[in-house]
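Here's a protein to explore together. Have a look at the sequence and the 3D picture, then read on.

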Amino acid sequence: MSKSFIEQVHYIRIPVKDLEVSAQWYSDILGFQLLNNTEERAILKVNEGPFLLILVPTEDETFAHFTIDNNQEFSIGFTSPELSKFHQHLIDHQVTVEDIKEDNGHAFFHFYDPNGNKLQVHW
């Protein structure tokens, strides 16, 4: 097969403990646009692109990341052209943030949402 039938990733769903708190956090702290918020889900848009992040409430002990050898590994990676400013912004808002690291010419760091989901941002 020379071309995929899949055009693009439209959305990613992540589990959250408190839907209201999480929707507010993703909107206020990350600047995502809240499009819809019901008891079943909150839908957020990332800037003007087609990508959506859908928050799904659960009482289960589950996360949007996985582990390798008991180390947490992120599943969702974002980009930011102002990595250092964003890093400081998260620190200023008491977000759990790891140090900025460099790897093969690009910088990145990991941070956690209020539910403990590990996320990455790079540039």
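## Starting with one residue

Does Leu52 count as buried or exposed? With a relative accessibility of 13%, Leu52 counts as buried (buried means under 20% relative accessible area, exposed over 50%, and partly exposed in between, using a 1.4 Å probe and protein chains only). You'll find Leu52 in strand 4. Helices (H or I, at least four residues) and strands (E, at least two) are DSSP runs, numbered from the N terminus.

Who does Leu52 touch? If you skip its neighbours within four places in sequence, Leu52 is in contact with His10, Tyr11, Ile12, Leu35, Ile43, Leu44 and Lys45; contact here means heavy atoms within 4.5 Å. Leu52 and Arg13 sit 39 residues apart along the chain, and 8.6 Å separates their C-alpha atoms.

## A word on the model

This is a predicted model, in which local features need pLDDT of at least 70 and side-chain atom pairs count only at pLDDT 80 or more, while totals for chains, interfaces and linings use all residues. Residues are numbered from 1 along each chain as its sequence is written, and side-chain values use heavy atoms, with hydrogens and water left out.

## The whole protein

Count up the secondary structure and you get 2 helices and 10 strands. Reading from the N terminus, the order is β-α-β-β-β-β-β-β-α-β-β-β. The radius of gyration is 15 Å, close to the 14 Å that the globule rule gives for 123 residues, so the protein is as compact as a globular protein of that length. (That radius is taken over C-alpha atoms, and the rule is 2.2 Å times the number of residues to the power 0.38.)

Along its principal axes, the C-alpha trace spans about 45 × 40 × 35 Å. Buried residues account for 35% of the 123 residues. Take the contacts between residues at least 6 apart in sequence: 47% of them join residues at least 24 apart.

## The sheet around strand 4

Back to the strand that holds Leu52. An open sheet of 4 strands runs in the order 1-4-3-2, with mixed pairing; two strands pair if DSSP finds at least two bridges between them. Strand 1 (11–16) and strand 2 (33–37) are the edge strands, each pairing on one side only. On average, neighbouring strands of this sheet are turned by 25° against each other, direction ignored.

Strand 3 (residues 42–45) and strand 4 (residues 52–57) run antiparallel and are joined by 4 bridges. Leu44, for instance, has Leu53 as its bridge partner in strand 4. Helix 1 (residues 19–28) packs on this sheet, touching strand 1, strand 2, strand 3 and strand 4, and its direction makes about 160° with that of strand 4. (Axes are lines fitted to C-alpha atoms, for helices over the stretch in contact, and angles run from 0 to 180 degrees between N-to-C directions.)

Strand 8 is joined to strand 9 (residues 106–112) by 3 bridges, and the two run antiparallel. Asp103 stands opposite His106 in strand 9.
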